[in-house]
Amino acid sequence: MIYFLYKRRFYMSNMSLYIGEFVGTTLLLLLGNGVNMTCSLKHSYGKGGGWIVTTFGWGFAVMIPAYVTGWVSGAHMNPALTIALAVTGKFSWDLVFGYIIAQMLGGIFGATLAYLTYKAQMDAEPEPAVKLGVFSTGPSIDAPIWNIVTEIIGTALLLIGVLAIGYGEVGIQPGNGAFFVGLLIVIIGMATGGATGYAINPARDLGPRIAHAILPIKGKGDSNWKYSWIPVVGPIIGGILGAVIFDAFLSAVL
């Protein structure tokens, strides 16, 4: 998926790449936050769907936009992935800023579309914490050091998995990389998500948190900005660490 970008970008403008990232991240958050709203809002038919539904929902929420926009921009949809690829020489630093801006705007817009989809249910939801939780992540236990460790580990697993899936697509039919990345998101959510809600993506958390802050949501509380740095810093550290570990593994075995 990510390697396909190098074949396309030579005859695509930078703006096309940025539009691809904006559209992909918009779809990611529309679908992902929509899953959260389905499973959490009091008056949703899907209320109580549980963690299995949530993790599979987020897996498909990553997979579908990856198919839609992967051929355009590589479907990063994640500043931690973009930065990690640039740090390890797999992506041009010239494109990093534009990618991150597109991803963040897509995160805000996608979360807004999810809110509009569930506007009546959001208005009727009595709990401010639920209104925030369907947008952005939060820890099951507020322990900042361990919360950031969880995000580092989860995002390192994400990068190792994505790079392994994309490495020559060994054993994977061409074009099916996005499907396996979706499954990767599912297992990361099942394995690590119970601690912090597994942001593993700054745009996935900060974009919707900004949307929560600026939208006229009836009865909302604060946007928990004191926690907001963890799902940004943790994934960036974890992404770089995962990319470095994968490269070290390749060097050791090849």
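A residue counts as buried when its relative accessible area is under 20%. The figures below show a predicted model.

Figure 1. Of the 254 residues of the protein chain, 53% count as buried.

**Figure 2. Helices and overall dimensions of the protein chain.** The protein chain has 11 helices and 0 strands. The radius of gyration of the protein chain is 17 Å, close to the 18 Å given by the globule rule for 254 residues, so the chain is as compact as a globular protein of that length.

**Figure 3. Contacts across the sequence.** This view concerns contacts in the protein chain between residues at least 6 apart in sequence. Of these contacts, 79% join residues at least 24 apart.

**Figure 4. Charges of the protein chain.** The protein chain carries 13 positive and 11 negative charges. The mean position of the positive charges and that of the negative charges are 6 Å apart.

Figure 5. The relative accessible area of G57 is 16%. Since the cut-off for buried is under 20%, G57 is therefore buried.

**Figure 6. G57 and K220.** In sequence, G57 and K220 are 163 residues apart. In space, the distance between G57 and K220 is 25 Å, C-alpha to C-alpha.

Notes
Residues are numbered from 1 along each chain as its sequence is written. This is a predicted model: local features need pLDDT of at least 70, side-chain atom pairs count only at pLDDT 80 or more; totals for chains, interfaces and linings use all residues. Side-chain values use heavy atoms; hydrogens and water are left out. Buried means under 20% relative accessible area, exposed over 50%, partly exposed in between (1.4 Å probe, protein chains only). Helices (H or I, at least four residues) and strands (E, at least two) are DSSP runs, numbered from the N terminus. The radius of gyration is taken over C-alpha atoms; the globule rule is 2.2 Å times the number of residues to the power 0.38. Contact means heavy atoms within 4.5 Å. Lys and Arg count as positive and Asp and Glu as negative; His and the chain ends are not counted. The place of a charge is taken as NZ of Lys, CZ of Arg, CG of Asp or CD of Glu.
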